[in-house]
Amino acid sequence: MEKAREKFISKFMSYVLRHHPEVIGLKVDAFGWANVQELLEKATADSRKFTLEEMEYVVANNAKQRFGFSEDKTKIRANQGHSFPVNLELELVMPPDLLYHGTVSKFLEAIKDKGLKKMDRQHVHLSPDVETAKAVGSRRGKPIILKIRAKAMHEAGHAFYLSANGVWLTENVPAEFIEF
Ligand code: HQG
């Protein structure tokens, strides 16, 4: 598939499955699942027609593994990144000693003051390695990498989850656990 086409489908699916299913009248259940046929039909009605084969290609080849099918492949959902409340049936997992967060300098003062907040999402997103955190921060400018003392947070009672695509999620990161 052409890269531009893949990106268009991935962006569209991210938008409706994570943020605004209502803009195309798509139903998403409490677990984040949408019916595959309904998504294809509603996308077509919105002049954004793509095929099941194209959807399958995007799900399989997405670099960040943003989407997943249900076992019987009748349903699809985003693996993380939602802005509306959704039960992803995430398992509590013990984090490694350190995790990383990529951000930009203009947020540093607020982060030093209030810690990392989930902002418009359902969790704070943390990366398992510096490279990934750099890529996340670069979306907004020159990346600044914060080291998160994840194990110490866990010992202090903070819950950590690992999404199906390898993103570490937690409710908030108090500033005392951040190395600036
Ligand atoms: C910042 C992408 C001020 C935070 C990526 C970040 C990731 C604060 C921004 C995923 C703050 C929120 C998530 C505070 C945090 N004051 N700013 N107290 N606490 N911030 O996009 O982590 O392509 O919601 O540093 O690759 O950047 O969508 O979070 O800059 O995995 O699949 O507020 O999104 O994945 O931004 O990115 P976001 P994020 P996808």
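User: Where do the limits of buried, partly exposed and exposed lie?

Analyst: Buried means under 20% relative accessible area, exposed means over 50%, and partly exposed is in between. These limits are applied here to a predicted model.

User: Why is Arg139 called partly exposed?

Analyst: Arg139 has a relative accessibility of 48%, so it counts as partly exposed. Its place is in the loop between helix 5 (130-138) and strand 6 (144-149). On the surface, Arg139 gathers with Lys64, Lys106 and Arg140 in a patch of positive charge.

User: Why is Met119 called exposed?

Analyst: The relative accessibility of Met119 is 68%, and therefore Met119 counts as exposed. Met119 lies in the loop between helix 4 (108-114) and strand 5 (124-126). Its phi is near 50 degrees, a positive value in a residue other than glycine.

User: Is Glu89 exposed or partly exposed, and why?

Analyst: Glu89 counts as partly exposed because its relative accessibility is 49%, and exposed requires over 50%. Glu89 sits in the loop between strand 3 (75-78) and strand 4 (98-103). Phi of Glu89 is near 50 degrees, a positive value in a residue other than glycine.

User: How do you know whether the radius of gyration agrees or disagrees with that of a compact globule?

Analyst: For 180 residues, a compact globule would have a radius of gyration near 16 Å; the chain has 17 Å, so the value agrees. The chain contains six helices and nine strands, and buried residues make up 41% of its 180 residues.

How values were computed:
Residues are numbered from 1 along each chain as its sequence is written. This is a predicted model: local features need pLDDT of at least 70, side-chain atom pairs count only at pLDDT 80 or more; totals for chains, interfaces and linings use all residues. Side-chain values use heavy atoms; hydrogens and water are left out. Patches are made of residues with over 30% relative accessible area and no salt bridge: like charges are joined within 9 Å, nonpolar side chains (Val, Leu, Ile, Met, Phe, Trp, Tyr) within 5 Å. Accessible areas come from the Shrake-Rupley method with a 1.4 Å probe; for residues, only the protein chains shown count as cover. A salt bridge is a side-chain nitrogen of Lys or Arg within 4 Å of a carboxyl oxygen of Asp or Glu. Lys and Arg count as positive and Asp and Glu as negative; His and the chain ends are not counted. The place of a charge is taken as NZ of Lys, CZ of Arg, CG of Asp or CD of Glu. Helices (H or I, at least four residues) and strands (E, at least two) are DSSP runs, numbered from the N terminus. Buried means under 20% relative accessible area, exposed over 50%, partly exposed in between (1.4 Å probe, protein chains only). The radius of gyration is taken over C-alpha atoms; the globule rule is 2.2 Å times the number of residues to the power 0.38.
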